[in-house]
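Work through the exercises below with the model open. Each task is followed by its solution.

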Amino acid sequence: MTTLTLHDAVGAALTEEMRRDPRVLVFGEGVATKRHDLVQEFGARRVRNTPLAEGIIAGTAVGAAGTGLRPVIDLLFAPFLCYAMDELVNSAGKLRYVSGGQFSFPLVTLAMTGAGWGIGAQHNHNIEAWFVHSPGLKVVMPSNPEDAKGLLKAAIRDDNPVLFFLDIGLLYQPGEVATGEHVTPLGKAAVLREGGDVTLVSYGKTVHHCLQAADALAGKGIAAEVIDLRSLKPIDDTAILASVTRTGRLVVAHEANRLCGVGAEIAALVAEEAFARLKAPIVRLGGPDAPVASSYPLEQAFVPQADSIAAAAERLCTFQHA
Amino acid sequence: MTHTQHETDPRHLLEQMLLIRAYEEAIVAGSTAGTVPGTCTSVGQEAAAVGVINALGADDLILTNHRSAGHLLARGADPGRLLAEVMGRSDGYCGGKSGSLHISVRELGVILTSTIVGAELSLAPGVALSQTMLGRPGIVVCFFGDGAACEGSFHESLNLAALWNLPILYVCENNQWQAFVHRREATSREHISDWAASYGIPAGTVDGNDVSAVLAAARDAAARVHESGRPFLLETWTYRTRGHFEPDDQSYVDPAEREAWLARDPIAMHRDRLVADGRLTTAEADALDDEVASRIAVAQGFAETSPFPDASELTRDVYA
């Protein structure tokens, strides 16, 4: 094992995959400036700074991916993806299908988002559900450095476009990472804590809030199971249903806006597939229908915290049908 | 590629233009009759497509757009499979999933066709990057209109192509109309080629209705891209004689402008020149008309009898 931040875990995955496959290249705003070690090892042709123009960065990646390269692009902050929506959604997501399968688009788009730096609404906006809703794209958001490395390696090897979101609040937190080759498959959730009374489902930094909530709940005699989705598309239906079938209670928590968020899809999945096993209503915790404020208390109030997750789980455990 | 062996034969250029015209007129008739979905035609722009495509080599890759029939047919696409695609049939080049608007034919090097105006410009640098990084010989040819040149992607694409030394031949088919808006209302300069200078990209404008002139200009432009490894922008000055999307009564078009361009019909101009020069007899020209008409009839028969895709196709090829 070695200790890496999530940012360095991304660098380690890039290094290993660029060594493994000469078709992998990385470009974006400041990529060559920030990841000088990659430039040293792989040269300026495979590690490139770009103009500050997200649309052409993404479009260039799509064109390159469709014709034999395997690009990884860094678009910095998630809201900047709005400038690249045509390239990601209409080109990367659709040109395989409308061409009758003539092309594939193995590309990874990196973007940061989430609370922690007080950078406000135009740098912090958890828009991952937009891409879940768009066909042809895969969506990943890791909660720790180990998964960040393993998932990024899997994303680079995947033949589909992958949106890879990095939680700002986790970016420079150190964590244990296995040394050597390890690839974390896309579409597989991780059960981080087992428990039979209530299921807490989350992704990104909110996973850690769920783990804190589970600790608090344990003190009250409630055994919470914590599931880290890791991939939002494909989503691990099997893991979610297996857990809720046992516990009969579900809290979904994420930092993204609650309205039509990933939590809504999970709630619908459980209502459709495991209704008879539910002992209490499903609870969704997420951001309000509001942009994120820069002010620290407001930014933090946007995010489901451990106490609100624990309170919701406790309510479910004492719920009585009228 | 069959086009290379015919590339200097002016009769071949005429035949290709006639085929494109007949193909699109068949689609217009079908859409009027309700048997074929509406499309964006390129009637009046045949010389611009045929002249450029015949200047290219088999290794060159082509990105086109929603007005693509000319590029596809001149590159050698089968009109039956194209028409089947337009009609949503399983024998279409994309299995009926494209329809008329985003037809790609990878085996002909016509790739990544998007109908989002300007998307072809955003994709072209990446294709050229693959060509250079993977050591492939062909250049990238990107067809777009004056409308697409007003998108930010045009400017971002040219900037990056110049900055990264990408071998792209940008071909702006300036057909004077951006959907339902005349280019005079939408562009700050008379010519799109004027904008290329801002990016240090050499450029030129050619009479897009003169197929011989387009062929010569495109050969020169393609050679420059091959030799320099850098972009070039060629503007073909032409006219969309039909509407934006069939059916379209063109009530917004100045009749005098349209009449003036119809008098410069690229097919009639080329045919008359060949007859006047003694390179083609009237009887031979009429025979070409008949030959093309029978090819289109065969294509229609093929497309109409091609089955619709099975419902199981609905979710195939979403993911690789």
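**Exercise 1.** Leave aside neighbours within four places in sequence and list the contacts of B:Leu169.

Solution. Contact means C-beta atoms, placed from the backbone, within 7 Å.

The model is predicted: local features need pLDDT of at least 70, side-chain atom pairs count only at pLDDT 80 or more, and totals for chains, interfaces and linings use all residues. Residues are numbered from 1 along each chain as its sequence is written, while chains are lettered from A and ligands numbered from 1 in the order in which they are written.

**Exercise 2.** Find which residues touch the most other members of the largest nonpolar core.

Solution. Such a core joins buried Ala, Val, Leu, Ile, Met, Phe, Trp, Tyr and Cys residues through C-beta atoms within 7 Å. Buried means 20 or more other C-beta atoms within 10 Å of the residue's own. The core has 189 residues. In chain A, pick A:Leu200, A:Val251 and A:Ala313. In chain B, pick B:Cys142, B:Ile168 and B:Leu169.

**Exercise 3.** Describe the side of chain B that touches chain A.

Solution. Count first: 32 residues of chain B contact 33 of chain A. Next, the elements, with helices as DSSP runs of H or I, at least four residues. H6 (119-133) and H7 (152-163) of chain B each supply at least two residues. H6(B) gives the largest share, 10 residues.

**Exercise 4.** Locate the two domains of chain A and their separation.

Solution. An automatic or database assignment sets the bounds. Domain 1 is 2-177 and domain 2 is 190-317. Their centres, over C-alpha atoms, lie 26 Å apart.

Technical notes
Two residues are in contact if their C-beta atoms, placed from the backbone, lie within 7 Å. A residue is buried if 20 or more other C-beta atoms lie within 10 Å of its own, exposed if 12 or fewer, and partly exposed in between; C-beta atoms are placed from the backbone.
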